[in-house]
Amino acid sequence: MRLVVDLNKCQGYAQCAFLAPDVFAMHGEESLVYDPQPDHEQRERLARAVAACPVQAITADGVDADGPDVASRGPEAPDGH
């Protein structure tokens with residue numbers, strides 16, 4: 001699993017830090033720090049964090065069990081249910 005955040009796009013809304021606090025954290029009010037290779041146990045939380053990013057700054061490879069890169073497409077991705 002690989003995680004990339006476009007820090008130029010990130011606006012510091014911190015939705016990711018709220019949904020996956022073991023992977024994302026705010027350093028100060030606007031600076032995001034994150035683990036680029038989180039544990040697989042974080043898969044579900046990461047998928048939610050990726051989808052919740054209002055500016056779609058997060059790309060996660062291998063997060064969604066439905067297929068590669070599904071979570072990285074953001075809120076427009078079909079949920080398959």
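## A tour from the cysteines to the core

Begin by selecting Cys10, whose sulfur lies 6.3 Å from the closest cysteine sulfur, that of Cys16, which is too far for a bond. The model is a predicted one, in which local features need pLDDT of at least 70 and side-chain atom pairs count only at pLDDT 80 or more, whereas totals for chains, interfaces and linings use all residues. Residues are numbered from 1 along each chain as its sequence is written, and side-chain values use heavy atoms, with hydrogens and water left out.

Cys10 is buried at a relative accessible area of 19%, where buried means under 20%, exposed over 50% and partly exposed in between, with a 1.4 Å probe and protein chains only. The structure as a whole holds zero disulfides, a disulfide being a pair of cysteine sulfur atoms within 2.5 Å.

Next select Val55, which sits in the loop between helix H2 (43–52) and strand S4 (58–61); helices (H or I, at least four residues) and strands (E, at least two) are DSSP runs numbered from the N terminus. Val55 is partly exposed, because its relative accessible area is 26%. Leaving aside residues up to four places away in sequence, Val55 touches Lys9, Cys10, Gln11 and Tyr13, a contact meaning heavy atoms within 4.5 Å. Asp6 and Val55 are 49 residues apart in sequence, with their C-alpha atoms 9.8 Å apart in space.

Now zoom out and colour by secondary structure, which shows two helices and four strands, following the pattern β-α-β-β-α-β along the sequence. Of the 81 residues in the protein, 30% are buried. Among contacts between residues at least 6 apart in sequence, 50% join residues at least 24 apart.

Then select H2, whose buried residues are Leu46, Ala49 and Val50. Viewed down the axis of H2, these buried residues fall within an arc of 100°, so they line one face of the helix; the arc is that of the directions from the helix axis to the C-beta atoms. Their cover includes strand S1 (2–5), helix H1 (15–19), strand S2 (24–27) and S4. Show Leu46 with its surroundings, and its contacts, not counting residues up to four places away in sequence, are Met1, Leu3, Ala20, Val23, Phe24, Pro38 and Val63.

Which residues have the most contacts inside the largest nonpolar core? They are Leu3, Val5, Phe24, Leu46 and Ile58, in a core of 17 residues; such a core is a set of buried Ala, Val, Leu, Ile, Met, Phe, Trp, Tyr and Cys residues joined through side-chain atoms within 4.5 Å. At least two residues of this core come from each of S1, H1, H2 and S4, and the largest share, three residues, comes from H2. In soluble globular proteins, nonpolar side chains tend to be buried together.

Select Val5 together with its bridge partner in S4, which is Ile58.

Conventions
Pairing = 2+ DSSP bridges.
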